[in-house]
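Dear colleague,

I am passing on to you the structure we spoke about, and below it you will find a short account of what was found. Please keep it open beside this message while you read.

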Amino acid sequence: MKLSKDFLWGGAIAANQAEGAYNIDGKGLSLMDIAAGGKKGVSRHFTPGIQEGVYYPNHTGNDFYHHYLEDLDLCQEMGFKCFRTSIAWTRIFPNGDEEYPNEKGLEFYDRLFDAMLERNIQPVVTISHYEMPLHLVKAYGGWANRKLIDFYMNFCEVIFNRYKGKVKYWMTFNEINSVILMPEIAGVLDRARDDFEQRSYQAAHHQFVASAKAVKLGHEIDPENKIGCMVLTLVKYPMTAKPEDVELAEQMMREKTFAFSDIQVRGYYPHYVKKIVERKGFKLDIREEDLQVMKQGKVDFVGFSYYSSSASTTDQSAEMTEGNVSKGVKNPYLATSEWGWQIDAKGLRYILNRFYERYEVPLFIVENGLGYNDQPDVQMHVEDDYRIAYLKEHILEMEKAILIDGVDVIGYTPWGCIDLVSAGTGEMKKRYGFVYVDRDDEGNGNFARYRKKSFYWYKDVIASQGEKL
Ligand code: BG6
């Protein structure tokens with residue numbers, strides 16, 4: 001199967017997991033700069049500040065800040081049409097609430113986007129990818145505070161103007177539904193408080209308003225801009241044909257995934273979200289002007305991450321397994337990765353169809369991939385046939401969705417195309433890339449880059465427009 005010439009093949013990273021250089025050229029501390037390194041099965045935690053003796057892997061990332069030219073050369077060699085990254089908010093506004101931006105931070109992204117364009121690689125930018133300024137967490141309580149909308153808008157206005165004509169594809173918040181799955185990532189840290197859950201819903205509302213305002217502003221500044229949402233897909237299958245299991249799977253998908261895309265694509269709160277808030281008894285500060293702006297800032301496309309699926313059942317004794325941001329019920333028909341994420345290529349075709357049936361707007365698969373503890377040989381070569389197998393099956397299902405089902409998919413950017421720090425565990429050894437980076441979990445390694453077997457494979461995939469898998 002062959003895709004059209006303008007299909008956006010590429011890869012994805014995020015500033016906080018790749019750039020490193022956490023305190024260089026005026027950059028302020030972000031929330032991820034106080035995320036200690038964890039490991040498999042042990043989640044990362046945020047320390048109150050930077051502490052002696054604690055290892056913070058995001059401080060160095062894969063040193064993209066100093067390797068971006070080499071990395072973009074490698075991406076060009078693979079034939080990338082686009083490259084997804086984020087702009088570290090703290091490079092532009094180190095504390096988040098300043099009036100004027102940090103010029104040195106802006107210059108870095110000028111150089112980065114120029115380097116992409118020189119290589120015929122279209123930048124795809126996530127405005128906020130888990131890397132909010134730490135000061136906004138400490139002084140304002142994160143996204144639970146309405147003031148965050150204005151700070152975010154200052155940031156958006158500066159970057160939309162500065163990179164006008166260079167960046168066309170934007171996404172407002174990475175995995176926006178993580179605000180209720182893992183509210184800490186939106187700076188809502190106080191889990192011990194009674195109103196913690198209500199505050200996370202309030203934070204979600206503020207992000208919806210901020211996202212809509214950003215879409216509106218981005219279109220005003222440059223009508224060529226295509227601005228999308230980005231949601232984490234929790235694909236759930238009923239464990240059995242028992243109606244209760246079917247109902248639960250459907251409810252989980254609606255409440256944890258579709259609610260977030262429904263709001264941003266349609267521009268209003270759907271009936272079932274109003275009912276959830278009502279049932280929980282939350283008193284949210286939702287103003288008439290918020291609802292107006294949400295209507296005016298509907299997204300142009302739906303970007304999403306897809307790694308795995310899980311099952312749903314009312315049987316409380318069912319075995320659980322890990323997944324992206326939240327656990328799920330183990331599906332006996334699926335294999336799992338070493339990190340317990342279930343591998344399900346057909347789930348990608350399924351979710352593409354579910355989104356497209358619902359909205360009929362373009363879709364963008366902005367994250368997909370297999371985290372694996374690669375073992376390079378003495379020449380630093382990695383024979384990652386397991387990764388090739390994973391990606392091959394997923395691309396095939398994507399192609400079926402496009403060519404057989406008629407779903408409009410504009411691009412595919414596998415996650416962590418250059419090995420980087422894992423968001424969930426902070427490990428370097430949970431690698432996703434086509435390019436191996438010499439760095440381990442103890443901070444050893446010189447950040448040298450090496451092409452893996454999948455590098456050559458992906459290059460052929462792109463050159464053949466997805467025909468040669
Ligand atoms: C998504 C995030 O949750 O999945 C990325 O957008 C993250 O930032 C990716 O890295 C893979 O998750 P992990 O935990 O394996 O890094």
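A polar contact, as the term is used here, is a pair of N or O atoms within 3.5 Å. Please bear in mind that this is a predicted model, and that the values below were computed from it.

With that cut-off in hand, we can turn to the ligand, where an N or O atom in the side chain of N324 lies 2.9 Å from an oxygen atom of the ligand, so the pair falls within 3.5 Å and counts as a polar contact. The side chain of H129 likewise places an N or O atom 2.9 Å from a ligand oxygen, while for E367 a polar side-chain atom is found 2.7 Å from an oxygen atom of the ligand. Taken alone, the ligand exposes 380 Å², and the protein buries 97% of that area.

The ligand is surrounded by 14 residues, of which the closest are Q17, E175, A423, K430 and Y432. Sorted by class, this shell is made up of 5 nonpolar, 6 polar and 3 charged residues.

The other place to look at is V215, which sits in helix α8, a helix that covers residues 196-221. Is V215 buried or exposed? Its relative accessible area is 0%, and because buried means under 20%, V215 is buried. Leaving aside neighbours within four places in sequence, V215 is in contact with T172, I227, G297, K298 and V299. The C-alpha atom of V215 is also separated by 9.0 Å from that of M171, although these two residues are 44 residues apart along the chain.

Notes:
Residues are numbered from 1 along each chain as its sequence is written. This is a predicted model: local features need pLDDT of at least 70, side-chain atom pairs count only at pLDDT 80 or more; totals for chains, interfaces and linings use all residues. Side-chain values use heavy atoms; hydrogens and water are left out. Helices (H or I, at least four residues) and strands (E, at least two) are DSSP runs, numbered from the N terminus. Buried means under 20% relative accessible area, exposed over 50%, partly exposed in between (1.4 Å probe, protein chains only). Contact means heavy atoms within 4.5 Å. A residue is near a molecule or strand if one of its heavy atoms lies within 4 Å of it. A polar contact is a pair of N or O atoms within 3.5 Å; within protein, one must be able to donate a hydrogen and the other to accept it, and residues adjacent in sequence count only if both atoms are side-chain atoms. Accessible areas come from the Shrake-Rupley method with a 1.4 Å probe; for residues, only the protein chains shown count as cover. Ala, Val, Leu, Ile, Met, Phe, Trp, Tyr, Cys and Pro count as nonpolar, Asp, Glu, Lys and Arg as charged, and the others, Gly among them, as polar.
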